[in-house]
Amino acid sequence: MPKRYLLSLFLVFTSCSVHSQTVILNERARAATIDDVLEDRLENLLPRLMRREGIDLWVLISREYNEDPVMRTMLPSTWLSARRRTIMVFYDPGANKPLEKLAIARYDVGTLLKGEWDLSANPDQWDALVKVIQQKNPKKIGLNFSQYFGHADGLTYTEQGEFMKKLPKAFHDRIQSADRLAISWLETRTEKEMVLYPMICRLSHELIAEAFSEKVIQPGVTTTDDVVWYLRQRVTDLGLDTWFHPTVDIQRADDQRFDHLRTFSKRPGTQVILPGDLLHVDFGITYLRLNTDQQQHAYVLKPGETDVPEFLKKAFRQGNRLQDILTERFKAGKTGNGLLEEALKQAESEGIMGSIYSHPIGFHGHAAGPAIGMWDNQKNVKGTGDYPLFEQTGYSIELNVAVRVEEWNKTVRIMLEEDGYYDAAGFRYIDGRQTEIFTIPRRAPHLK
């Protein structure tokens with residue numbers, strides 16, 4: 001075997017962590033991956049989005065440690081924050097010419113945005129920005145302010161005031177909200193990202209499988225909080241991040257009414273895990289600037305049991321059915337509110353007592369895009385629910401069904417969440433979905 005090939009293999013394997021089944025890149029490899037994806041997005045995706053939304057000049061302004069959510073996704077991997085005041089300008093000259101990417105800053109922003117602030121000619125940063133705007137003479141100037149989308153509302157009151165004081169009056173009527181452009185930048189997934197995303201979702205699934213196993217859970221000893229903190233520690237040990245504190249809760253054959261709303265408004269108290277318990281986890285990770293959000297179930301086998309009781313399997317199938325009812329209705333142009341109404345109507349016709357609160361996912365856990373219901377609003381979500389579905393977007397299909405279980409003399413909630421992707425070919429789960437309740441002791445997971 002050639003020495004050069006051996007060296008290449010050595011570099012690949014020593015640059016990665018293999019503590020989990022899925023390879024995790026080291027920091028240097030992650031940085032290279034992030035920058036490669038970002039360059040592709042700026043060069044190939046952003047021009048298309050600016051033309052679709054009709055904005056020929058987009059201005060993003062942030063000060064250090066108070067970054068616009070959009071700007072954070074545009075910073076190079078080695079920029080962990082903006083520097084002093086960072087101003088990005090994207091200009092579309094039209095006629096399919098390349099996008100001009102400028103930084104009104106003392107230096108270039110990575111290799112992608114060229115620094116355009118000549119301090120000798122314009123000591124004031126705002127004057128330098130105005131000079132660029134006058135030179136480009138755009139028809140529409142997009143700024144990040146939005147009534148309904150926090151992700152697109154990153155321009156602060158002070159920065160907007162300073163900018164408008166400096167901007168000549170002749171340009172004031174060209175200012176408009178860039179919220180749809182900002183949302184489209186955040187929600188649209190590229191081909192390169194969709195090569196990475198299955199690995200990220202798989203890693204998150206693997207961590208849930210590990211937490212819901214005899215490696216972690218000893219019935220009668222382990223508590224729900226033990227499992228929560230196991231997940232938090234594993235994420236840290238692997239050099240990853242989580243964007244929310246996980247939740248683990250229990251439903252069992254007792255006289256206690258399970259209130260699923262506690263998982264949103266008030267976290268359930270610590271409970272000892274026992275045989276016969278139905279466990280539920282809500283968990284997500286952040287890796288390579290993308291997020292996961294997953295909810296799955298496991299059943300703790302009683303002595304003598306070899307499988308999940310049929311009444312729980314039957315309840316779980318209703319959860320899968322509600323997932324199908326929703327995702328089968330995905331179609332570009334439909335609003336989140338429209339999808340919610342259609343899906344709930346169909347569920348009711350099938351006798352399914354369901355609640356849907358699905359959301360976009362990508363650069364953020366609760367990401368930009370159409371809200372498809374809220375856990376506390378199953379009718380009409382103003383603003384975010386009115387936003388339409390576009391292709392090349394990711395979603396966490398989050399919902400629950402309430403099923404009366406006579407064997408336990410109570411109603412059980414099957415609470416599911418899986419990450420998916422929608423494009424011209426339709427909807428698909430990025431790394432499959434749970435179709436059977438896992439068991440502890442653990443059997444092979446069933447994801448398809």
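Author: By class, 10 nonpolar, 5 polar and 5 charged residues make up the lining of the largest pocket in this predicted model. The lining has 20 residues, and those nearest the centre of the pocket are Ile34, Arg72, Asp241, Thr286 and Arg289. The volume of the pocket is about 650 Å³. At least two lining residues come from each of α2 (27-53), α3 (69-74) and β11 (286-287). The largest contribution to the lining is that of α2, with 4 residues.

Helix α2 can be followed from its N-terminal end. Asn26 caps that end of α2, with a side-chain oxygen 3.2 Å from the backbone nitrogen of Arg28. Glu27 lies in α2. Glu27 counts as exposed because its relative accessibility is 58%, and exposed means over 50%. In sequence, Glu27 and Ser77 are 50 residues apart, while their C-alpha atoms are 9.8 Å apart in space.

Further along, α2 has a kink of about 40 degrees at Leu45, shortly before the proline Pro47. Arg52 is partly exposed, as its relative accessible area is 35%. Glu53, at 17% relative accessibility, counts as buried, because the cut-off for buried is under 20%. Just after α2 comes Gly54, which has a positive phi of about 70 degrees.

Arg289 leads back to the pocket, being one of the residues that lie nearest its centre. Arg289 is placed in the loop between β11 and β12 (290-291). Its relative accessible area is 22%, so Arg289 is partly exposed. Arg289 is not a glycine, yet it has a positive phi of about 70 degrees. Most residues other than glycine have a negative phi. Gln392 is another non-glycine residue with a positive phi, in this case about 65 degrees. Gln392 lies in the loop between β15 (359-360) and β16 (393-405), and at 25% relative accessibility it counts as partly exposed.

Most peptide bonds are trans. The bond that joins Ile440 and Pro441 is cis, with omega at about 5 degrees. Pro441 is found in the segment after β19 (438-440).

Side chains of opposite charge can pair when their charged atoms come close. The count for this model comes to 26 salt bridges. Among them is the one between Arg321 and Glu350, at 2.7 Å from N to O. This pair links distant parts of the chain, 29 residues apart: Arg321 is in helix α10 (residues 310-327), and Glu350 is in the loop between α11 (336-349) and β14 (353-356). Arg321 is partly exposed at 28% relative accessibility, and Glu350 is partly exposed with a relative accessible area of 33%.

Arg428 and Asp423 also meet through their side chains in a salt bridge, with 3.6 Å from N to O. Arg428 is partly exposed at 41% relative accessibility, whereas Asp423 counts as buried at 17%. Finally, a network of salt bridges links Arg41, Arg189 and Glu193.

Key:
Residues numbered from 1 in each chain as written. Predicted model: local features only at pLDDT ≥ 70, side-chain atom pairs only at ≥ 80, totals over all residues. Heavy atoms only, no water. 1 Å grid on protein atoms, 1.4 Å probe; cavity = no way out; pocket = protein on both sides within 12 Å on 5 of 7 lines; lining within 4 Å. Points joined across faces, edges and corners; volume = space filled by probe spheres on them. Nonpolar A, V, L, I, M, F, W, Y, C, P; charged D, E, K, R; others polar. Buried < 20%, exposed > 50% of the residue type's maximum accessible area, 1.4 Å probe, protein only. Salt bridge = Lys/Arg side-chain N within 4 Å of Asp/Glu carboxyl O. Bend = angle between axes of the 7 residues up to and from the residue. Polar contact = N/O pair within 3.5 Å; in protein donor to acceptor, adjacent residues only side chain to side chain.
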